[in-house]
Structure formats: structure tokens, C-alpha cells
Amino acid sequence: MKLIKQAQYGVFDFENRDVSLRAFNTFDLADIDINSLLFQTGYLTIKKLDAERQTVTLDFPNKEVANAFSFHLLT
């Protein structure tokens with residue numbers, strides 16, 4: 001949450017977000033992509049894969065996770 005607040009992301013910045021597959025190749029915690037981190041921790045899930053463009057669409061897996069994320073971000 002600290003990283004998200006520092007970068008001034010909002011809750012809606014993570015809904016139906018297209019992300020390059022290259023974002024998942026970073027293993028350096030000091031330089032990790034926020035979308036990759038949220039995917040790896042279970043806050044986001046892959047909703048669609050575009051193999052031609054080498055992107056995935058990430059979104060919250062369900063309303064409960066989206067609500068919990070919103071609550072923690074706003075507090």
C-alpha cells in the first residue's frame with residue numbers, strides 16, 4: 001500500500017488494465033512493476049491474454065478483493 005500511495009495510484013487505475021508480459025520478468029524488489037506485484041500477491045488476476053501483442057488484461061478477481069483493496073488504500 002505504501003508503494004501505491006507514494007505513486008498516487010487510485011483504485012480504478014488497476015481495473016481492466018493492459019500490461020506487457022515483460023512486466024512479469026522483473027525480480028528486483030527495488031524496481032518491481034506494481035501490476036506484477038499485485039498479481040503475485042493475489043490482488044489482481046489475468047482476465048485476458050493477447051498473445052499477438054504480448055499483453056495481459058489484469059483485474060480484481062472478485063468484488064470482495066476489490067472492496068478490500070479500496071478499503072486499505074483509502075485508510
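The largest nonpolar core of this predicted model has 16 residues, and those with the most contacts inside it are Ile 4, Phe 14, Leu 38, Phe 60 and Phe 69; such a core is a set of buried Ala, Val, Leu, Ile, Met, Phe, Trp, Tyr and Cys residues joined through side-chain atoms within 4.5 Å. Helix α2 (34–40), strand β3 and helix α3 (63–74) each supply at least two residues of this core, and its largest share, four residues, comes from α3. In soluble globular proteins, nonpolar side chains tend to be buried together. Here "buried" stands for under 20% relative accessible area, "exposed" for over 50%, and "partly exposed" for what lies in between, with a 1.4 Å probe and protein chains only.

The model is a predicted one, in which local features need pLDDT of at least 70 and side-chain atom pairs count only at pLDDT 80 or more, while totals for chains, interfaces and linings use all residues. Residues are numbered from 1 along each chain as its sequence is written, and side-chain values use heavy atoms, with hydrogens and water left out.

**The chain as a whole**

The chain holds three helices and three strands, which follow one another along the sequence in the pattern α-β-α-β-β-α; helices (H or I, at least four residues) and strands (E, at least two) are DSSP runs, numbered from the N terminus. For 75 residues, a compact globule would have a radius of gyration near 11 Å, and the 12 Å of this chain agrees with that; the radius is taken over C-alpha atoms, and the globule rule is 2.2 Å times the number of residues to the power 0.38. Along the principal axes, the C-alpha atoms fill a box of roughly 40 × 30 × 20 Å. Buried residues make up 31% of the 75 residues. Among the contacts with a separation of 6 or more, 52% are between residues 24 or more positions apart, where contact means heavy atoms within 4.5 Å.

**The sheet**

The three strands form an open sheet in the order β1-β3-β2, with antiparallel pairing; two strands pair if DSSP finds at least two bridges between them. Because β1 (17–20) and β2 (45–50) stand at the edges with a single partner strand each, one side of each is left without a neighbour in the sheet. Neighbouring strands are turned by 35° against each other on average, direction ignored, with axes that are lines fitted to C-alpha atoms, for helices over the stretch in contact, and angles that run from 0 to 180 degrees between N-to-C directions.

Strand β2 pairs with β3 (residues 55–59) in the antiparallel sense over five bridges. Leu 49 has Val 56 in β3 as its bridge partner, and Ile 46 stands opposite Leu 58 in β3. Thr 55, which lies in strand β3, counts as buried because its relative accessibility is 11%. Leaving aside residues up to four places away in sequence, Thr 55 touches Val 19, Ser 20, Leu 21, Lys 48, Leu 49 and Asp 50.

**Aromatic pairs**

A search of the whole structure finds four aromatic pairs; rings of Phe, Tyr and Trp (its six-membered ring) pair if their centres lie within 6.5 Å, and planes under 30 degrees apart count as stacked, over 60 as edge-to-face and the rest as tilted. Two of the pairs are set out here.

| Pair | Type | Centre to centre | Between the planes |
|---|---|---|---|
| Phe 14 and Phe 69 | edge-to-face | 5.6 Å | 80° |
| Phe 24 and Phe 39 | edge-to-face | 5.3 Å | 75° |

Phe 24 counts as buried at 16% relative accessibility, whereas Phe 39 is partly exposed, with a relative accessible area of 28%.

Phe 14 and Phe 69 are both buried, and together with Tyr 43 and Phe 60 they form one aromatic cluster. Leu 38 touches Phe 14, Tyr 43 and Phe 69 as well as Ile 4 and Leu 44, not counting residues up to four places away in sequence.

**Two residues with positive phi**

Most residues other than glycine have a negative phi. Asn 16, in the loop between α1 and β1, has a positive phi of about 45° although it is not a glycine, and at 53% relative accessibility Asn 16 counts as exposed. Gln 54 likewise is not a glycine and has a positive phi, of about 60°; the hairpin of β2 and β3 to which Gln 54 belongs has four residues between the strands. Gln 54 is partly exposed, with a relative accessible area of 43%.
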